[in-house]
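The following exercises concern the architecture of a single protein chain.

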Amino acid sequence: MSRPLIITDCDEVLLYMVSPFRDWLDETQGVDFHMGTNDFSKALRWQENGEYLAPEEIWHMLGRFFDTEMHRQSPIPGAIEGINTLGEKADVVVLTNLVDKRQQMRTEQLADHGLAARVFTNQGPKGPALQRILDEYNPTKAIFIDDLAQHHRSARETIGSITTLHLCGEPMLAPHIDCAHTSGHADARIDCWEEALPWLMGELEREEA
């Protein structure tokens, strides 16, 4: 029997990523991270000379972080408890933009933090991946949670009827990123789980009514 489905991102929705990434860069890589705008490519500078890292160097650092430093990531307050509460009324899956070889690592990482959920990996826009998940689960209602506006736009362009919540739990990022609610691609923008959980429960209960 079909149930509602929650499809949630991981980094900056369930687990902090940028803050432990920043600490690792500073402690071990000789790189300063400062997010002063919404341009991630201008956030990383070599401590030695103040020059920006080239795009390929940024991707290399991100890859190394996810290969060796995921243990540094900790849950965003209320996220694991909130998702598990939602799991009492809906199926929950995680859609994360990591390469496929890290799918098992992410699954185990979340399980270690108390969330046993199926993990889907993806690269690029998330709309097509969301469509594949919906085709498999055929839910009575679908809610998508992500921290980046471009994924909400992709979701709405691919699946017109999906409910979307823009949530960025990382204070270093939240003020700088584009807002999917303002642009019309998200039904709400809520950046803390204390407020997001009642909103999400309300959306599920509205489905039951």
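The model is predicted: local features need pLDDT of at least 70, side-chain atom pairs count only at pLDDT 80 or more, and totals for chains, interfaces and linings use all residues. Residues are numbered from 1 along each chain as its sequence is written, and side-chain values use heavy atoms, with hydrogens and water left out.

**Exercise 1. Domains**

Identify the domains into which the chain is divided, and describe their contact.

Step 1. The chain is divided into domain 1 (4–16 + 74–205) and domain 2 (17–72); such bounds come from an automatic or database domain assignment.

Step 2. Taken over C-alpha atoms, the centres of domain 1 and domain 2 are separated by 24 Å.

Step 3. In the interface, 17 residues of domain 1 are in contact with 15 residues of domain 2, where contact means heavy atoms within 4.5 Å.

**Exercise 2. The largest pocket**

Step 1. On a 1 Å grid over the protein atoms alone, a pocket is an open set of points where a 1.4 Å probe fits, with protein on both sides within 12 Å along at least five of seven lines; lining residues have an atom within 4 Å of a point. The largest pocket holds about 1100 Å³ of space, a volume being the space filled by probe spheres set on the points, which are joined across faces, edges and corners.

Step 2. Of the 35 lining residues, F40, W59, L62, L148 and Q150 are the closest to the centre.

Step 3. Helix 2 (55–68) and helix 6 (149–158) each supply at least two lining residues, and helix 2 gives the most, with 6 residues. Helices (H or I, at least four residues) and strands (E, at least two) are DSSP runs, numbered from the N terminus.

**Exercise 3. L62**

Is L62 buried or exposed, and which residues does L62 touch?

Step 1. L62 lies in helix 2.

Step 2. L62 counts as buried because its relative accessibility is 13%; buried means under 20% relative accessible area, exposed over 50%, and partly exposed in between (1.4 Å probe, protein chains only).

Step 3. Not counting residues up to four places away in sequence, L62 touches M17, F21 and F40. The C-alpha atoms of L62 and F21, 41 residues apart along the chain, are separated by 8.0 Å.

**Exercise 4. The largest nonpolar core**

Step 1. A nonpolar core is a set of buried Ala, Val, Leu, Ile, Met, Phe, Trp, Tyr and Cys residues joined through side-chain atoms within 4.5 Å.

Step 2. Among the 29 residues of the largest such core, I6, L14, I145 and W193 touch the most other members.

Step 3. Two or more residues come from each of helix 3 (79–86), strand 4 (91–96), strand 6 (142–146) and helix 7 (193–208). Helix 7 gives the most to this core, with 5 residues.

Step 4. A second, separate core of 22 residues includes L25, F33, M61 and F66.
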